[in-house]
Amino acid sequence: MILSDGEIQEEIRRKRIIIDPPASEERYTTSALDLLLGDELLELKTLEELAKDEPAGVERPLIVDPARVDLKVLLQKYAKPLPRETDGSFVLQPRKFVLGITREYIELPRRSKIAARVEGRSTLARLGLVVHLTAPTIHAGFAGHIILEMYNFASFPLRLFPGNLAICQLIFERLGRIPKGPVRTRYLKQKSIR
Amino acid sequence: MSRAIRGAEATIDCKIFLGMFSSERGVVVELPDGRKVMAVVDKRYVFPDREPKPGTEVDGRVKVFIVESKKDTAIVDLPQAGLTQGPRLEIPRTLLR
């Protein structure tokens, strides 16, 4: 069941959904809550930039194997900040992929039995902006800022103002039961990030 | 030894490094059998001895949520954020603070 605006506000009031900073009234639609673009956008480095960082003797061309990539390397090596314009905005060039982040910290405690989905907004979609690529689920138990996988399909650049632009919407859904979490056999054998 | 209470929060030792975004931190928890578990969590869940610099890791602690408490061990969840689904670990209770 998808939560309505009133139900979302009620769950926030009861601290069963935590949004920090709190959302103003106009960010609620009938069945979703709009979130704002955060202060950082990251772009993936070019092959040339990555190659420059590699020690001599590394296999060329560089190929990234997602199943074997080290998380620490993933976090610290493949992306760099997208510079901001003098007015504080980001300009997202056509056919450009970047990682963004919501301004709001979101927490969905397990006991709340609430999960969510991050979705785009229609105005931005019509301008060619995609804000997530295949990863919309915010699982029950999540705590953090939501990472956005953004791509500009348009043939023109888009100016995006952090802290001001409602970049995505969050749709909340109620679970039937409190999630049990990983079963014992899984956590005992777990070796890496899933 | 700490008293581990189901549903309570505690912290455990870990290594901490910077994430992609300034609000993220990577953590590495080393289990007694030598296995290392990595996770990316919101920085409000980590307590570094000092702020990590790019490419380095520092000692610190990460908040965990106690799922089950046994005589000598506890099953805990790491905070669940984007790149993880809250790795669940069984650790000696002596590691909890």
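A residue is called buried if 20 or more other C-beta atoms lie within 10 Å of its own, exposed if 12 or fewer do, and partly exposed in between, with C-beta atoms placed from the backbone. This is a predicted model, in which local features need pLDDT of at least 70, side-chain atom pairs count only at pLDDT 80 or more, and totals for chains, interfaces and linings use all residues. Residues are numbered from 1 along each chain as its sequence is written, while chains are lettered from A and ligands numbered from 1 in the order in which they are written.

Chain A has 194 residues, of which 24% count as buried. Chain A contains five helices and twelve strands; helices (H or I, at least four residues) and strands (E, at least two) are DSSP runs, numbered from the N terminus.

In chain B, start with strand S6, residues 73–77, where four of the five residues are buried. Two strands pair if DSSP finds at least two bridges between them. S6(B) runs antiparallel to strand S5 (residues 57–69) of chain B, with four bridges between them. One bridge sets B:Ile66 against B:Val76, and a hairpin of three residues links S5(B) to S6(B). S6(B) also has five bridges to strand S7 (residues 88–92) of chain B, again antiparallel. Here B:Asp77 lies opposite B:Arg88.

B:Ile91 belongs to S7(B). B:Ile91 counts as partly exposed because it has 19 C-beta neighbours inside 10 Å. Beyond neighbours within four places in sequence, B:Ile91 is in contact (C-beta atoms, placed from the backbone, within 7 Å) with residues including B:Thr73, B:Ala74 and B:Val76.

Notes:
Contact = placed C-beta atoms within 7 Å.
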